[in-house]
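Hi,

Here is the structure I promised to pass on to you. Have a look at it first, and then read my notes below.

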Amino acid sequence: MKLRFNKIKLNFFLDIGLLIAFVVDMEYRFTGLRLHELIGLAFTIIFALHILLHWDWIWSVTKTLFRKLLQESRLNYLLNWLLFLDALMLVVSGLIISRTLGLNLQGVGRNLPWQQWHILSAELSLVIIALHVGMHWKWIATFGKKYLLTLPKFGAPRREEVHGA
C-alpha cells in the first residue's frame, strides 16, 4: 500500500496548529511560563516547516516580484515577509529572555530591551496574522469545509445509496 502525500491537507492542518499555538501562547498567564516557552518552541518548529512547504511559492514570487505579477501577490508577499521578520524577532527575543528552557542567554545584548521587543512583536503579530488570515480567507473556507465539515466514507456504498431506494 502506497501512502499519498497531500500537501494542501498538511498545510491546512499545520496552519490550524500554528493558529491554536499562537492563540494559546499569547496569554502566558493562562499557560504558565514553562508551557508558554515550550509552546513557543513548538510554534517555531511548525512555522519553519510551514515556510519549507511554501518555499516553491516564495522562490517563484521572489523571482517575478518586479515583473508581471498580480498586485495581490505582491501585497501577500510583503505581508509574509513582515510576518516572517516579526516571528523571527519574537523567537529570538523569546529565546534570549527564556527563564525555563535552560538556555542562559540573558547576557546576550545585556542593555537591550528584549522583554519589550518580545511583547511588541507579539502584539504586532496579532495585526499581521489577522491580515494574513483575511487575505487567505477563501482558501481557509474552502479547505476548512473540505477537511473539517465532511465525514469520510468507508467501504462500498449501500444498495439503497446506489439505487436511490
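Is the crossing of α3 and α5 left-handed or right-handed? The crossing of these two helices is left-handed, meaning that the near helix is turned anticlockwise from the far one by less than a right angle (clockwise would be right-handed).

Before more detail, a word on the source: this is a predicted model, where local features need pLDDT of at least 70, side-chain atom pairs count only at pLDDT 80 or more, and totals for chains, interfaces and linings use all residues. Residues are numbered from 1 along each chain as its sequence is written, and side-chain values use heavy atoms, leaving out hydrogens and water.

Helix α3 (residues 33-53) packs against α5 at an angle of about 150°, and their axes are 11 Å apart. That makes the two roughly antiparallel (an angle over 145 degrees). On the α3 side, L41, T44, F47 and I51 make the contact, and on the α5 side L83, F84, A87, V91 and L95 (contact means heavy atoms within 4.5 Å).

Also in α5 (residues 71-97) is S93. With 0% relative accessibility, S93 counts as buried (under 20% relative accessible area with a 1.4 Å probe, protein chains only; exposed is over 50%). A polar atom of the S93 side chain lies 3.2 Å from the backbone oxygen of L90. Beyond its neighbours within four places in sequence, S93 touches W114, W117, H118 and S121.

Finally, helix α7 (residues 137-148) has F143, G144 and Y147 as its buried residues. The face turned away from them carries the exposed W137, K138 and K145.

Enjoy exploring!

Notes:
Helix = DSSP H or I, 4+ residues; strand = E, 2+ residues; numbered from the N terminus. Polar contact = N/O pair within 3.5 Å; in protein donor to acceptor, adjacent residues only side chain to side chain. Axes fitted to C-alpha atoms, helices over the stretch in contact; angles between N-to-C directions. Parallel < 35°, antiparallel > 145°, perpendicular 65-115°, else oblique.
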